[in-house]
Amino acid sequence: MRVLVTGGAGYIGSHTLLQILQERHEALVFDNFSNSSPEALRRVRRLTNVDFQVTNGDVRDEDALLRAMRSFRPEAIVHFAGLKSVGESNSQPLEYYSQNVVGTIKLLRAMEQTGCGTIVFSSSATVYGEARYLPYDESHPSQPTNPYGRTKHFIEKVISDWVASRPEFTAVVLRYFNPVGAHPSGLIGEHPSGTPNNLVPYITQVAAGRLARLRIYGNDYPTRDGTGERDYIHVEDLARAHVAALDYASRFSGCEAINVGTGRGATVLEMIREIEAASGRKVPYEIVARREGDIATSIADVRKAERLLGWKAQYGIAEMCRSAWHWQSRNPNGYDSSHGPENHGALLEEVS
Ligand SMILES: NC(=O)c1ccc[n+]([C@@H]2O[C@H](COP(=O)([O-])OP(=O)(O)OC[C@H]3O[C@@H](n4cnc5c(N)ncnc54)[C@H](O)[C@@H]3O)[C@@H](O)[C@H]2O)c1
């Protein structure tokens with residue numbers, strides 16, 4: 001299958017791209033590198049020894065999308081491109097609506113014009129908001145509590161209306177819980193720019209001595225040890241869910257939203273202990289007041305993924321934390337460690 005991967009140089013995109021190539025699909029990455037490095041693509045190429053195309057472009061640039069799609073003629077799109085920080089979305093809501101919602105509308109229009117009717121979309125468990133019951137199943141009400149979550153909610157609506165407009169359109173909307181970890185090679189992983197927003201990269205940077213200590217927001221939640229509990233999913237399992245979704249989408253038509261998690265939760269203190277075990281280092285932390293908008297527990301009901309995709313998570317938090325530490329210790333500065341920007345241009349020329 002020919003698959004166009006928007007945001008394919010990013011954290012989840014690069015791991016998924018690798019598996020797409022390993023499954024012998026052809027790929028074109030469409031990314032503006034606003035939050036990623038071409039070095040990730042160079043490493044995917046090294047790991048797979050497979051060629052793929054790269055276009056440096058913004059998903060809001062419909063002409064650039066049309067050019068890329070007319071020449072590559074994708075049969076399916078995996079759409080990762082977008083902004084993902086909850087905090088930033090509160091201070092820059094218009095940027096989030098523009099990149100995420102407008103970007104997706106432009107992409108769907110380009111798909112319509114070029115005869116591509118299949119999309120796998122990166123949604124998020126944040127669409128659910130405060131839990132009415134747990135675990136969250138896909139019919140749990142969607143009441144996101146921040147602009148980022150609302151962009152995902154609106155995109156889901158746009159995609160489902162789009163699919164309903166023509167029988168040949170198909171969408172699989174994957175609602176990720178908390179992706180963590182890295183490829184076992186330690187060559188690709190999560191490369192947050194600046195101070196990490198997510199827990200695991202933050203803890204690994206504390207373990208590495210780059211950050212002084214972790215702040216834990218509240219230890220009085222109704223969980224095993226009082227700290228927040230989340231359903232973490234290994235990025236390798238998540239990547240495999242995309243390959244399963246592509247396969248499913250080739251056999252089915254319509255629009256399905258599907259949770260991607262393990263169905264099990266881990267608390268902040270449990271994650272700290274796992275990183276300590278993986279790294280052999282102490283992770284200093286302090287308990288501070290709860291943060292507004294945080295919820296106690298978020299866990300996925302994963303039965304639909306098993307039923308429709310035949311997919312189930314294989315890894316637990318020990319493997320997630322070991323691989324996250326392996327990546328961090330091999331790449332203390334992420335992708336900046338080994339290559340400067342001058343090499344990035346070379347890669348783009350090479351592969352586009
Ligand atoms: N990482 C998480 O915890 C998480 C959880 C749930 C959902 N998601 C969603 O999964 C997707 C991928 O997340 P990630 O963690 O890999 O993020 P990421 O920032 O590492 O990857 C996003 C990629 O998209 C590119 N991009 C951003 N805006 C673009 C635009 N307008 N045009 C073209 N390219 C653009 C970036 O350069 C980057 O390569 C996002 O849509 C995110 O909202 C992520």
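Student: Which residue in β2 is the bridge partner of Leu-4?

Tutor: This is a predicted model, in which local features need pLDDT of at least 70 and side-chain atom pairs count only at pLDDT 80 or more, while totals for chains, interfaces and linings use all residues. Residues are numbered from 1 along each chain as its sequence is written.

The bridge partner of Leu-4 in β2 is Leu-28. Strands β1 (residues 2-6) and β2 (residues 26-31) run parallel and are joined by 5 bridges; two strands pair if DSSP finds at least two bridges between them. Strands (E, at least two residues) and helices (H or I, at least four) are DSSP runs, numbered from the N terminus.

Both strands belong to an open sheet of 7 strands with parallel pairing, in the order β3-β2-β1-β4-β5-β6-β11. Its edge strands, β3 (53-56) and β11 (254-260), each pair on one side only.

Another open sheet has 3 strands in the order β12-β9-β14, with mixed pairing. At its edges, β12 (266-267) and β14 (297-298) have a single partner strand each, so one side of each is left without a neighbour in the sheet. Strand β9 (residues 229-230) runs parallel to β14, joined by 2 bridges, and Glu-229 has Thr-297 as its bridge partner there.

A residue is near a molecule if its C-beta atom, placed from the backbone, lies within 6 Å of it. Helix α1 gives the largest share, 3 residues. Of the 27 residues around the ligand, Gly-7, Gly-10, Ser-36, Ser-122 and Ser-124 come nearest.
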